[in-house]
Amino acid sequence: MTLSVRSVTVILVLLGLALVPPIASWVDQGYYTVLFARMLIMSIAAIALNLILGFGGMVSFGHAAFLGVGGYVAGIFIFHYFEDGAEWMGNGYVQLAATIVASALVALFIGAICLRTRGVYFIMITLAFGQMLFFVAVGLEIYGGDDGLSLYTRSEFPGLFDLNDRTTLYYVSYGTMLACLLVSWRLINSRFGMVLRGARLNDRRMKAIGFPTYPYRLVAFVISGVMTGIAGFLLANQTDFVSPSMMHWTKSGDLIIIVVLGGMGTLFGPLFGTIAYLLLEDILPSITESWQLFFGPMLILVVLFARGGIDSLLGPRSRPDD
Amino acid sequence: MNWLLLFEQILNGIQLGLLLFLLAAGLTLIFGIMDLVNLAHGSLYMMGAYFAYSFAGWTDSFVIGVLLALPATLLLGIVVEVVALRTLYDRNHLDQVLATFGLILFFNELVRIIWGPAGLDLPLPDFLNTSVEILPGIPYPTYRLAVIAVGLLVALFLYLLVARTRIGMLIRAGASNREMVGALGVDIKLLYTIVFGLGAALAGLAGMMAAPILTVEVGMGERILIDTFVVIVIGGIGSIRGAFLAALIIGLIDTVGRSILPDLLNLMLPQAAASTAAPALSSMLTYVLMALVLAIRPAGLFPPRGA
């Protein structure tokens, strides 16, 4: 059995990511653990967005809002645990459960309305909902309003792990990312995923052959929202800080860029895209202060000439579906 | 509630609405005719403001500065269309969103290099920097009245252009059915460039007029861009009439909402809850309205005929 270029790359990338903390502590550059942890967390959000954007054709321009929902749940729980001594709110299991419930409910509400619209209108209405939640966060004055909220401690999962440890946080993010990859893989190859992909290619035809596509798309939207919420929960723990800026609409734009850069509608594309994007974001400013002057046009060129993103560099896909 | 204050807020709302209309008119045409999602429209608004700042500084005259900045933005719009956007027309919306997002980054950085990161103030000439007593006891800034007047004039000009001229006829035809217009032998490329240039000039004009009221700064375009999207989506993409009405509705709701919502909430909620909810709720009002409109009429209030 010979491995394709793609399989080798994926294995190398996953292995490499698993080895970041020991290597970083070996060369005494703890900064890299932080950078790559951020990369893993953002890739969870990108995988989530890719599920609806790449496979479902839903261009959600407000996905950063779910990062905010997850982040604020963590932030608010830890805030009350710390300020009011509410013991149960310091429990990581409770925080995670609350994150999942909150982001599922928000996604259900937003999705139910947005999925009634199509095309540009869908882009715009998700943008509007994202902005709405952004302003909700700005208005939360007890939780810092515009200035955001610092987390005095991180989530602890008694008996399992404690995110206060940098390496633990890294491997928890790593595991969550793998789990999300697995979930996406299982989903898109299931009957559910077939309906979702069919609805992207030709919604009317799917309906004509007897699939009510709306509930399928809505469920996909909710799953994606929950995954992104979990990413937000981890992000808040990683940065020890939540603020409205993490749900700014440009963050939603960044997520879309990441997915397209990596190759939308591919399993590993979002992971590649996140690594490339965050590395560029880390390296370019050290070359020139006005890096966005080059980054912007580069983005245009990627859109114009490199349709399949990074994933397409690894050879043709085994089963193209469009 | 103070009725005089409310009256002043209504005037402010109309003024904001007309500014939004200048942006929305161009954007809705670009959307409707070229089927192009142009996130960089806000950048043209920003460039208009910066051009006006520089030209006004060089010529020592606000009016001449604006008169020079207007063709400059028009030219810039045409250059952007020819260089970057022309290839995007037959791409899907996602590609357009990304490419024009890239343009935003480019323009923001360009402005930061040329004019520096700090916000700039465009001073008003003396004859506009006064106030008029519009009703006994209510002074209102002359400049804001001038903005309202210019906005209404431009709206009238656009109406005449679109409803009464040959090029307007082509624009309307393009908004209803692009392929058919092209098939009938109209130089659709030229039409696209003209429409984009016009849209750019209108966005620039809005930027110039907003410059003395706000600060000229990087990122000013993005803030108003989102509101402009709300306007064109509520109005129905491609419809200038819809954009005009929706812009006024949004301008009024945003401005008046911000001033009366705290009082309204005070009547319904306890003081503490009201004072926390009011600022968030008033910033959300326009988006709530958009969500409501789209939930009930997914194609906006005034979808153009035939689209």
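B:Glu109 is buried in this predicted model. Its relative accessible area is 5%, which falls under the 20% limit for a buried residue. B:Glu109 forms a salt bridge with B:Arg112. The closest N and O atoms of this pair are 3.0 Å apart. B:Arg112 counts as partly exposed, because its relative accessibility is 32%. Both residues belong to helix H4 (residues 93–115) of chain B. They are three residues apart, so about one helical turn separates them.

Salt bridges in chain A were examined next. The search of the whole structure finds nine salt bridges over all chains. One of them pairs A:Asp311 with A:Arg6, with the closest N and O atoms 2.9 Å apart. A:Asp311 lies in the segment after H13 of chain A, and A:Arg6 lies in helix H1 (residues 5–18) of chain A. The pair therefore ties together parts that are 305 residues apart in sequence. A:Asp311 counts as buried because its relative accessibility is 3%. A:Arg6 also counts as buried, at 15% relative accessibility.

A:Asp203 forms a salt bridge with A:Arg118. Here the closest N and O atoms are 3.1 Å apart. A:Asp203 is part of helix H9 (residues 203–208) of chain A. A:Arg118 sits in the loop between helix H5 (92–114) and H6 of chain A. This pair ties together parts that are 85 residues apart in sequence. A:Asp203 has a relative accessibility of 10%, so it counts as buried. A:Arg118 has 40% and therefore counts as partly exposed. Salt bridges with shared partners join A:Arg118, A:Asp203 and A:Lys207 into one network.

A polar contact was also found at a buried serine. A:Ser224 is in helix H10 (residues 213–239) of chain A. Its relative accessibility is 0%, so A:Ser224 counts as buried. The side chain of A:Ser224 makes a polar contact with the side chain of A:His63, at 2.8 Å. Leaving aside residues up to four places away in sequence, A:Ser224 touches A:Ala48, A:Leu49, A:Ile52 and A:His63.

The interface between the two chains was then considered. In it, 41 residues of chain A are in contact with 45 residues of chain B. The size of an interface is often given as the accessible area lost when the parts come together. Between chain A and chain B the buried area is about 3,700 Å². Carbon and sulfur atoms give 80% of that area. A:Tyr121, A:Met124 and A:Trp249 supply 17% of the area that chain A buries against chain B. Zero salt bridges are counted between chain A and chain B. One residue pair is in polar contact between the chains, with both residues at pLDDT 80 or more.

Three helices of chain A each supply at least two residues of the side that touches chain B: H6 (119–139), H11 (249–262) and H13 (292–305). The largest share, 14 residues, comes from H6(A). The residues on this side of chain A divide into 27 nonpolar, nine polar and five charged.

The mean pLDDT of chain B is 86. Of its residues, 98% reach 70 or more. Among the elements of chain B, helix H2 (residues 41–59) has the highest mean pLDDT, 93. Strand S1 (residues 131–135) of chain B has the lowest, 77. Where pLDDT is low, the predicted coordinates should not be read in detail.

Note on methods: Residues numbered from 1 in each chain as written. Chains lettered and ligands numbered in written order. Heavy atoms only, no water. Contact = heavy atoms within 4.5 Å. Buried area = accessible area lost by both parts, 1.4 Å probe. Salt bridge = Lys/Arg side-chain N within 4 Å of Asp/Glu carboxyl O. Polar contact = N/O pair within 3.5 Å; in protein donor to acceptor, adjacent residues only side chain to side chain. Helix = DSSP H or I, 4+ residues; strand = E, 2+ residues; numbered from the N terminus. Nonpolar A, V, L, I, M, F, W, Y, C, P; charged D, E, K, R; others polar. Buried < 20%, exposed > 50% of the residue type's maximum accessible area, 1.4 Å probe, protein only. pLDDT = per-residue confidence, 0-100.
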